[in-house]
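Visitor: Please show me the model. I would like to ask about a few of its parts.

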Amino acid sequence: AGDALLAHAFSVLTKLDQNKYKPENIITVINNFALATGIPGMITGQVIDIKSENKKISLEDLKNLHAHKTGALIRLACTTPALLKGVDGNVLKNFETYGRAIGLAFQIVDDILDIIGGDDLGKPIGSDQEKNKSTYPSLLGLDGAKQEAQKALDQALAALSAFGKEAEPLRALARYIVERSH
């Protein structure tokens with residue numbers, strides 16, 4: 001199913017309305033999608049993840065791992081609309097920073113919830129520890145991980161400071177990611 005959905009995504013992207021979006025912007029989005037889901041993105045992250053099992057890795061390596069996995073997809077979701085619209089470089093940079101920050105926050109909170117539980121995580125509590133994976137709480141402690149998640153939230157909100165109330169749904173999403181219980 002995953003392979004089918006990935007291939008289908010490229011088909012969907014190639015059918016974007018060329019009267020609404022410039023063809024060169026569509027090509028940029030398709031390229032970014034290929035990079036985020038391919039070797040430079042998710043595949044590299046998965047390789048790092050597999051090689052890191054049963055090893056204690058550094059905080060920098062853990063951030064790198066997640067920036068290539070979940071982070072790459074979240075960043076892609078945050079930049080794609082801006083790329084399609086052809087926004088200027090500064091606006092795009094804000095969306096990239098926002099996406100990077102909420103991607104990091106999502107993973108940190110996911111690691112925290114793996115320890116403290118939640119309403120419905122979609123995986124057994126303690127599964128990361130059972131697999132002997134390095135996590136933000138294992139490297140920073142629970143309080144340190146919560147502080148790191150708050151820092152990521154602050155970065156995400158700062159990236160949106162140039163925007164008015166139209167960016168409030170994005171601010172609310174960032175807060176939800178950090179405050180969620182599942």
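This is a predicted model: local features need pLDDT of at least 70, side-chain atom pairs count only at pLDDT 80 or more; totals for chains, interfaces and linings use all residues.

Visitor: What distance separates the end C-alpha atoms of helix α2?

Guide: Helices are DSSP runs of H or I, at least four residues, numbered from the N terminus. The expected span is 1.5 Å times one less than the number of residues. Helix α2 (residues 23-37) has 15 residues and should span 21 Å; its end C-alpha atoms agree, at 21 Å.

Visitor: Within what arc do the buried residues of α2 fall?

Guide: Buried means under 20% relative accessible area, exposed over 50%, partly exposed in between (1.4 Å probe, protein chains only). The buried residues of α2 are Asn-25, Ile-26, Val-29, Ile-30, Phe-33, Ala-36 and Thr-37. The arc is taken from the directions from the helix axis to the C-beta atoms. Seen down the axis, these residues line one face of α2, because they fall within an arc of 140 degrees.

Visitor: Which helices do the buried residues of α2 pack against?

Guide: Contact means heavy atoms within 4.5 Å. By that rule, the buried residues of α2 pack against α1 (2-14), α3 and α5 (70-85).

Visitor: Is Leu-153 buried or exposed?

Guide: Leu-153 lies in helix α8 (residues 136-159). Its relative accessible area is 7%, so Leu-153 is buried.

Terms used
Residues are numbered from 1 along each chain as its sequence is written. Side-chain values use heavy atoms; hydrogens and water are left out. Helices (H or I, at least four residues) and strands (E, at least two) are DSSP runs, numbered from the N terminus.
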